[in-house]
Amino acid sequence: MRPISYSRATDTATAVAAVSADPTSDYLAGGTTEIDLLRQNVLHPRRLVDINSLPLTGIATTPEGGLSIGALARMSEVAAEPVVRERFPMICQALELGASAQLRHMASMGGNLLQRVRCSYYRDAESPCNKREPDTGCSAIDGFSRGHAVLGTSEHCIATHPSDVAVALMALDARVHTLGPRGERAYAFDDFFLLPRDSPHREHPMEHGELITAIEVPATPVARHSLYLKVRDRESYEFALASVAAALSVVDGTIADVRVALGGLATKPWRARRVEDFLIGAPANRVNFDQAARVELADARTTPMNAFKVELARRAVVRALETLSGDGSESPA
């Protein structure tokens, strides 16, 4: 048994100082991922700093009509907040589809963004994994890869990012606020998640000891008409094979605004900018939805086991946008 020391921080500055000073330390919030990985001998911190007493639980509207979500707000609390349900339904749906009720009551919003991949090779301490131990190889590329990524992959890693709500937040241009040894910082959501390239063990640009304090969601009028569609092997708690966070505004049959992000398909929450660029100003119909999805997925890199995800993703994008538009024309082949 490995000894682990434990302390409880009562203010943010003390927590940051404690973890920053010790490279073997880590933060502990809901613990829904951390504890599992400790038990599986994947993570090896020698000290855990409990941050659950920090004043980072607020959920507030901004003067512009956006949201400020404290990093320690629980998933269930955010999903139940009336203003979130009214203005950003895709966030609520992603949270409610993202975990069992028990986990939603425990898991923090900041921790959800930082949760580690569900790749079985990463979680098996005996298998080579570049994300767990750099330069050891990626077992999934020639192994069991049915649930793995087809977008944003590299020759060093093909693991998918597991978060559902991160996909919705990506579509909404959220920002992540942090406090670290060098003070406060704010990251655009797309910059907060790093592609694996040749350093898959580095998933975020934060330095050791940097703590997420809040998630900022800007006012996004189109988000009032949004949804989160999740396709998975079973209806109960399960990770996405493909998911779509989409928001759509149609004026006189023409798409005036659209936001799309994909989950379960990429090594990070994936903003489908090609879909958006294709559809702005185009008629809202299935043919255009289908073509936009094909353009987005043109660069997909598959394995024999996960090649089905390209077609699954195409259909999911069409279904999500069709649902939002209410279009009833015949689906393309």
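Author: Buried means under 20% relative accessible area, exposed over 50%, and partly exposed in between (1.4 Å probe, protein chains only). This model is predicted: local features need pLDDT of at least 70, side-chain atom pairs count only at pLDDT 80 or more, and totals for chains, interfaces and linings use all residues. Numbering runs from 1 along each chain as its sequence is written, and side-chain values use heavy atoms, with hydrogens and water left out.

Reader: What is the relative accessible area of Asp190?

Author: Asp190 forms a salt bridge with Arg273 (3.6 Å, N to O); the term needs a Lys or Arg side-chain nitrogen within 4 Å of an Asp or Glu carboxyl oxygen. Asp190 sits in helix H10 and Arg273 in helix H11, 83 residues apart. Helices are DSSP runs (H or I, at least four residues), as are strands (E, at least two), numbered from the N terminus. Arg273 is partly exposed at 37%, and Asp190 is partly exposed at 28%.

Reader: How many residues apart in sequence are the parts tied together by Asp233 and Arg146?

Author: Their side chains meet at 2.9 Å, N to O. Asp233 lies in the loop between strands S9 and S10, Arg146 in the loop between helices H8 and H9, so the pair ties together parts whose separation in residues is 87.

Reader: Are Arg271 and Glu276 buried or exposed?

Author: These side chains also form a salt bridge, at 2.7 Å. Both residues are buried.
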